[in-house]
Every structure is written in C-alpha cells, then in structure tokens.
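Please keep the sequence and the three-dimensional view at hand while reading.

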Amino acid sequence: MSIQDRFLVDLRKAIAIAYDTIATGLAWVTSFLLGYGFAVLPDAWRVLWTTLPVVLAVHVGAFVAFRLYRGIWRYASFHDFRQIAGAVIISSLVVTSVLFMWSRAELTPRSALVLNPLLLLFFMIGGRIFYRWWKEHRPYERIRHLGKPVLILGAGDAGYKLVMQLSRSEAWSVVGLLDDDGRKIGREVYGSPVLGRWNQIGAIATSTGAQHAILAARGTDHTTRRRAFDLCEKAGVRLLVLPDIDELIGGQVRVSSIREFQVEDLLRRDPVQLDVTGLTQMLANSTVLVTGAGGTIGSELCRQIARFAPRQIVLLDSSEYALYTISEEMADRFPGVSLIPFIGDVKDAVRLEEIFARCAPDVVFHAAAYKHVPLMENSNAWQTVQNNALGTVRLMQAIARHPVRRVIFISTDKAINPTSVMGASKRLAELLLLQWNRRVPTQTVAVRFGNVLGSTGSVVPKFKEQIARGGPVTVTDPEIRRYFMSVPEATQLVLQAAMMGNGGEVFVLDMGEPVKIVDLARDLIRLSGFTEEQIPIAFTGLRPGEKLYEELLADSETTLPTRHPKLRISSANSAPGEAWEREVMDWLESTQPRSDGEVRAALARFIPEYMPYGGEAPRPTAAPNVIPFGKEVRKA
C-alpha cells in the first residue's frame, strides 16, 4: 500500500472514530438531560462533566477493541450493526460498573444508564445508514428520471430487487409497479408506487407514458408468462424479461441482462429439479467425454457438466469451427475446468481408440448425429445411417476395450414409428445399443426427446429470418404439431436420466403438450410487432420424411414411472438378437455406396415399425394417441 493510500485509510478511520466519539458524548449528555427532565441541578452538571471523559474513554476503547473501524461505511450491513450492538452493550455495562465503584453513581439518573446505550445505538447505526443511503443515491439522483418510463409486473422480492437495480440505471425510470395482490396497491416498493393490478396495464401505461414493462414475478409458469404477454400486447406495451429472476435476487444478474420477451419464454416450462447430490457423485472428479460437443445439445451438456466439478471434459466434434467456439466459451466461463478438444469422426475407430487410451473417460455422452429430417432424406440417406448407427457402434466398440462407467445416448422422438431415414437411423442405433448393453459392463442408457428451441435447424431462427424479410412465414401444414423443450431443460433431464439409469433403459422426457407450428409462427409474428396481415403465413405441404404428429412412444411400448416426475422409462420389446445384429453390421460395414431407395428398403427390413416416406401416406395422418405424460400406454 502506498503512503498516500495509507494516509487516506488512516484519515477515514480517524473521521469515523471522531464521529463515534461525538455520538458517545451526545448520547451521554442527552440521556442525562432526559433523566432530569431538562431541570439539571448545579451539582448534577458537575457530575455530568466529570463522568463524561470516563464514558468517552470506555465506549471508544470498546469500539476500537471490537474492530468497528475495519468496515466500510458505504457497505454497512447487519453484520456491522451486530458488532456495534455488542460493543455498545459491553461498554455500557463497564460504564455502569465504573460509575458505581467510583461514586456509587451519585447524582447520575438511573434512567440515564438505560437511555445512554439506546441513544448511542441510534446515533451510531443511524449515521452509518444515512451515509450509505447518501453514497448510493447521490450519483443517481440526477439520472433517476432521465430514462425511459417502465412498469414492473410483480411487487414481490424480484420486483423490489429490480426496482433497486433500475434506480441506478440511466436507461430506465420506474414509474410504478403492478401486482394482483390487492393489499399491495397504494403502497411503495423502494420509493416506487404500486399502481394497480396487471389487467389495468393499458390505462396505467397511458397515464404514466410507459411503453415498456418488465416481468419480475418469481417462479412464473408458462400460463403466467402467456398472460403477461397477452395483456402487454393488448395494451401496446413491449414486454421485457430477465433471463433468471433467482439470479437477480442473488445479485448475480444485472439490469444489462434485460431482453425482449421471446417465443421461448411462452413455451418454457417450470425449472427442472435436479438431484444435485447424485449428479455430483457421478460427475465430480470424473473425466467426461461428449461427442458432438459443438452442437446445440452437446455444447449445453458441456456447460451443465462443468457445474459439477469434473476432472476434465473431453470435447469431440467433426466441425473445426463448432469445436473452437465451444472450447473458447468453456475456457472463458469455466476457467477451473480442464478441457481437451479433439477433432474427429465418431465413425473413425482409430481416432476413438486414441482418445479413449489417452483420456480414459469415465462417463460418455453421445450427442453426435445427423438430425435434419428433410436434408437427410434425399441424397444423404446412407451417410445418415453410417453416422448415426455405425458411429454409435464404433463408439461402443471403443468403450468395450476401456473401463467406462456410463454411456448416455441422445435419441429422438422421431425414432418412434419412424417415417424418416433420420428417425429410423436413431431407432437402429437404439436397438444396437441394447445389444451392446448385454456384453459390456458399462451402464448404457438412451434418452428420447423432441425438438429443442434454438437448436441448429430449429424453425424459430427460420421464422425470424422470414419475418425480417417481410414474410411470408412458411409452415408445412396447418395441423402439424411438435413437442418443444428449451435446450437447458433437455440437457438437465439428460443428466438426471444418466444418473438414474442402471443399463438398458430408454428414458422418455416429459415434453409437455404438443404445440401447433402455426401457433408458434403467429406468436413470433406478434412478438416482432406485426400482424398476420402484415406478415402472412403460407402453407407449403409436408416435406419428405415429416409426420403431422410426433410420438414419444412406439405402439409396442409402455412406460414405467421413475422417481423424477419428468422422466419415465420406455419398457420396450427385447433386443432383436445376435443374428439380426450380424446382418445389420454386415450391411453397415459395407464399403459400397447405397442409394436412398436401398437404404429405406434395408431399414424397413431391420425395423418393422418403420414406414418409409413415399407412396404410402406418412403415419400417422391423424392425431395419434397423444400420450399424457405419467400414464401407461399399451398396444391397441
């Protein structure tokens, strides 16, 4: 510390001691005056001035002994106030003892001995509170009313924290809060009034001039988010959100994180409750390999895994750019986690053996896959099967030679009664995985789920681009439906399934209710500030391999409950057998190129439930037995 810095520290400490000394003297004199009802006798005045130095010495000495001057007044907190209270109580007891031993406290009002510590606490704590308030508000008073007027939806803990943060922002000026709890209306939150209920936002926005509202209701479900969006849209108010209200309350998110309300917020469901203890036991101090680590699911798996302190994460991807991107992000966000990035193809047995021999992974998440249905259907069918099915076998062959504890295969709802080559290739990989589960000690599980918002090939980015160009937004069919899940939710449930699996299970995620794609398009148009007259929707017809409705279970399967409410186990038919496996492997390992027709014919032979896209209409053409999650379903 420089001489100048030391001087400033000592100066501030001296000023603090001087203030407390003055407060101590003022408290003692005031308590004396109050004890005599301001009619102090001459002899009592003499006692007051005689005892004052003793009181000052004892109190200030105790304050120094209790280290009250190490804290910074600007950040005074309840911890500091507890220290002050302890010092005042102890020193007051000492003062009382000294006075009684000195002169039996003659002419000292007994009430003064009680009033003195109370007044001293008031002066000392009050001074620190005032100083903190002054330091926090003085720089922001001039900018407080310069920002754009905004309403806060929610007057609870999250609303309070948000108003406090916005009071320091030049961008926003809080003109009021709205809350459906009528008891809060007319009261204030951090100086901002609670003006009314949510459904009054139109009139309140008009009277206050607010054109924006921020949703600050903690623990909101999708119904509440939808209601907030509908009310704001009807009122002509732009709805904004924070990515994580709980992190705001914990002080980890700033108002710079405020963003526009997005379609993901309408579809997002309640947060996943993870078994943190179990996941920590599985992942902590372990080496974890993630294939397809640069993809949407693979990269989010890396982020989620890093939270549980693994020894190292091995990232494998065939895309140089994707691998570079996730490696740089992980190194920045999780500097304490060791990362080993590998460029490689999951079909390359030599490369896989090199990775397993060098890194010895304990847990493997297999997310590498070709998954874009129309693109894989024509001209790429053989490459799809090679990558998705043969790549999985090559990975299991490497695992069989190394002591891996768990393998988690990322599957898809399109593997159920598949009509596409992509879906059939993933179903083939599931069946081959069941075969390998019989011969290796590794606990091997598969996890199925539907579409994830924001993933590569998702309709949301496509719709946004079409809206930006002025439309039209293209939807294949007015009745087409899909299950949607956010990327973090999907990966968190994958981790949960990985921990719960004993080997051989196919886990099915709770995808919620299926969403009409046309409704998703309408929401995006509205969120972009347009109407369907301005941005029309055009229907183009089903593409090759597409279904109207996705399913989460095959006709021949039932589900069994697990201890997690959003996970069930698909109780499928047994694995096909070794003769079937040999025939499949002879076909997969063929070096001859295969036409799309040959691939579809072979898949139909190996997977009886596969209905190739072509002459027959894709199955199902009407709404199937949409399975309410949590109920068992049986073959009709």
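**A guided reading of the model**

The model under discussion is a predicted one. Ser379 belongs to the loop that connects α14 and α15. Its phi is near 75°, a positive value in a residue that is not glycine. Most residues other than glycine have a negative phi, and most peptide bonds are trans.

The peptide bond from Gly471 to Pro472, for its part, is cis, with omega near 0°. Pro472 is located in the loop that runs between α17 (459-468) and β15 (473-475).

The overall composition can now be set out. The protein chain contains 21 helices and 22 strands. It has 636 residues, of which 51% count as buried. Among contacts with a separation of 6 or more, 78% are accounted for by residues 24 or more positions apart. The accessible surface amounts to about 29700 Å², and carbon and sulfur atoms contribute 55% of it.

Where on that surface do nonpolar side chains form a patch? Phe66, Ile89, Ile90, Leu93 and Val94 together make one of about 430 Å². Leu93, one of these residues, sits in helix α3, which covers residues 78-103. With 54% relative accessibility, Leu93 counts as exposed.

Helix α19, residues 517-527, presents another picture, for it is mostly covered, with eight of its 11 residues buried. The buried residues are Ile517, Val518, Leu520, Ala521, Asp523, Leu524, Ile525 and Leu527. After this helix comes Gly529, whose phi is positive, near 85°.

The packing of helices may be followed at α15 (residues 381-400) and α21 (residues 596-606), whose axes are 8 Å apart and meet at an angle of about 45°. At that angle α15 is oblique to α21. On the side of α15 the contact is made by Ala381, Trp382 and Val385, and on the side of α21 by Asp596, Val599 and Leu603.

Salt bridges form the next subject, and the structure holds 28 of them. One joins Asp362 to Arg311, with the closest N and O atoms 3.6 Å apart. Asp362 lies in the loop between α13 (349-359) and β11 (363-366), and Arg311 in the loop between α11 (296-306) and β9 (312-317), so this pair ties together parts that are 51 residues apart in sequence. Asp362 is buried, at a relative accessible area of 15%, whereas Arg311 counts as partly exposed at 42% relative accessibility.

Another salt bridge links Arg351 with Glu354, the closest N and O atoms being 2.9 Å apart. Both residues lie in helix α13, three residues apart, or about one turn of the helix. An α-helix has 3.6 residues a turn, so residues three or four places apart point the same way. Glu354 counts as partly exposed, at 39% relative accessibility.

A further pair brings the reader back to α21. The side chains of Arg600 and Glu377 meet in a salt bridge, at 3.1 Å from N to O. Arg600 lies in helix α21 and Glu377 in helix α14 (residues 373-377), so the pair ties together parts that are 223 residues apart in sequence. Arg600 counts as buried at 15% relative accessibility, and Glu377 counts as buried at 0%. Elsewhere, salt bridges that share partners join Arg226, Asp230, Glu233, Asp523 and Arg526 into one network.

The tour ends with His366, a residue of strand β11. Is this histidine buried or exposed? It is buried, since its relative accessible area is 2%, under the 20% cut-off. Leaving aside residues up to four places away in sequence, His366 touches Thr291, Val346, Gly391, Thr392, Leu395, Ile408, Phe409 and Ile410. Val346 and His366 are 20 residues apart in sequence, and their C-alpha atoms are 9.3 Å apart in space.

Technical notes. Residues are numbered from 1 along each chain as its sequence is written. This is a predicted model: local features need pLDDT of at least 70, side-chain atom pairs count only at pLDDT 80 or more; totals for chains, interfaces and linings use all residues. Side-chain values use heavy atoms; hydrogens and water are left out. Patches are made of residues with over 30% relative accessible area and no salt bridge: like charges are joined within 9 Å, nonpolar side chains (Val, Leu, Ile, Met, Phe, Trp, Tyr) within 5 Å. Accessible areas come from the Shrake-Rupley method with a 1.4 Å probe; for residues, only the protein chains shown count as cover. A salt bridge is a side-chain nitrogen of Lys or Arg within 4 Å of a carboxyl oxygen of Asp or Glu. Helices (H or I, at least four residues) and strands (E, at least two) are DSSP runs, numbered from the N terminus. Buried means under 20% relative accessible area, exposed over 50%, partly exposed in between (1.4 Å probe, protein chains only). Axes are lines fitted to C-alpha atoms, for helices over the stretch in contact, and angles run from 0 to 180 degrees between N-to-C directions. Angles under 35 degrees count as roughly parallel, over 145 as roughly antiparallel, 65 to 115 as roughly perpendicular and the rest as oblique. Contact means heavy atoms within 4.5 Å.
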